[in-house]
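Here are some notes for you to read alongside the model. Please keep the sequence and the 3D view open while you go through the points.

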Amino acid sequence: MTDTDTTDRFVIEVSQVGTVDHVVDLEADSTGKSPYAPRQDLRGEKLCDRSTRSPTSEYITLRDYADWKGVDKTAFEGDAPDQVCSYCWTAVVEHAERGEQHECDDVDERIGTVGYRLRWKQKGRAREEWYDIVVRPKTTMAELDALVCRFTTLDDLHLRMYGLEDEYLDSTLNVIPDLQFAEVDDPSYRKASEMTIADIAERAALWKGDRLSIVYDFGTPSHYYCIVKEVYDPGEIEKLLEERDPIVATETAAIIDEKRPEQ
């Protein structure tokens, strides 16, 4: 992504609310990648959740903002100026760095053909317990779900749904287990056995450092999430599984490592 693409996409939202101005992603509604819920009556999506948005806010490019405020920043790089929210600024900088790294690694061409090591954790217990699941591109979400349920207390009595990042009630992926798919009977959902890791990766541009989540029961903010710890080409996955003795495996995926709480 070029500097022009970045400055056209990310703009400063000038508001009378709060002590600093925030950054808005004007393409967020179409990409669906941000974890922060958009306001349907306002353009784009603010990149942090540390203030409310006002309908009276105005949008301004960073260059124009710099001229107006006397800021010495005309590109999103380095530390945030005092006038702009540092959380929003960091999100844009990380987005740009991620885009540059993706270009170097030919990520766009490889997504959908690679597998992943997914480190699954439960919110609130991330340091005490985790499980690494290696998945191939053809691994279905149903197989992944079966392995996740091996180390959790989840079963088909728990309505659960897979999504991106920290999504909770609104999932971008809308993937649910097959049995629950039949019970819900809603065409907006996707059956886990018909969605592969490659499908998810292509929809989410899934790469190292990204996250998936699984929300369950919906009455409380309870969920598990995973971090993509490694990206594997097909040959690397086969070599890894030959060298390691999986804890438990399906036809195309396996739990290969874990940290359990001390008994």
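1. Trp 120 and Tyr 162 are both buried in this model, which is a predicted one. Their rings form an edge-to-face aromatic pair, with the centres 6.2 Å apart and an angle of 90° between the planes. Because Trp 120 belongs to strand 5 (residues 115-122) and Tyr 162 to strand 7 (residues 160-164), the pair ties together parts that lie 42 residues apart in sequence.

2. The structure holds 6 aromatic pairs. In one of them, Phe 76 and Trp 89 have ring centres 4.9 Å apart and planes at 50°, so this pair is tilted. Phe 76 lies in the loop between helix 3 (62-69) and helix 4 (86-104), while Trp 89 is in helix 4, so the contact ties together parts that are 13 residues apart in sequence. Phe 76 is buried at a relative accessible area of 8%, and Trp 89 is buried as well, at 1%. Ring pairs also link Phe 10 with Phe 76 and Trp 89 into a cluster.

3. Charged side chains also sit over rings: the charged end of Lys 69 is over the ring of Trp 68, 4.4 Å from its centre, and Arg 119 lies over the face of Trp 130, at 3.6 Å from the ring centre.

4. An open sheet is built from 4 strands in the order 3-2-1-4, with antiparallel pairing. Strand 3 (45-46) and strand 4 (58-60) are at the edges and have a single partner strand each, so one side of each is left without a neighbour in the sheet. Strand 1 (residues 10-14) pairs with strand 4 in the antiparallel sense over 3 bridges, and Glu 13 stands opposite Tyr 59 in strand 4.

Conventions:
Residues numbered from 1 in each chain as written. Predicted model: local features only at pLDDT ≥ 70, side-chain atom pairs only at ≥ 80, totals over all residues. Heavy atoms only, no water. Pairing = 2+ DSSP bridges. Helix = DSSP H or I, 4+ residues; strand = E, 2+ residues; numbered from the N terminus. Phe/Tyr/Trp six-rings, centres within 6.5 Å; stacked < 30°, edge-to-face > 60°. Buried < 20%, exposed > 50% of the residue type's maximum accessible area, 1.4 Å probe, protein only. Lys NZ or Arg CZ within 6 Å of the ring centre and 35° of its normal.
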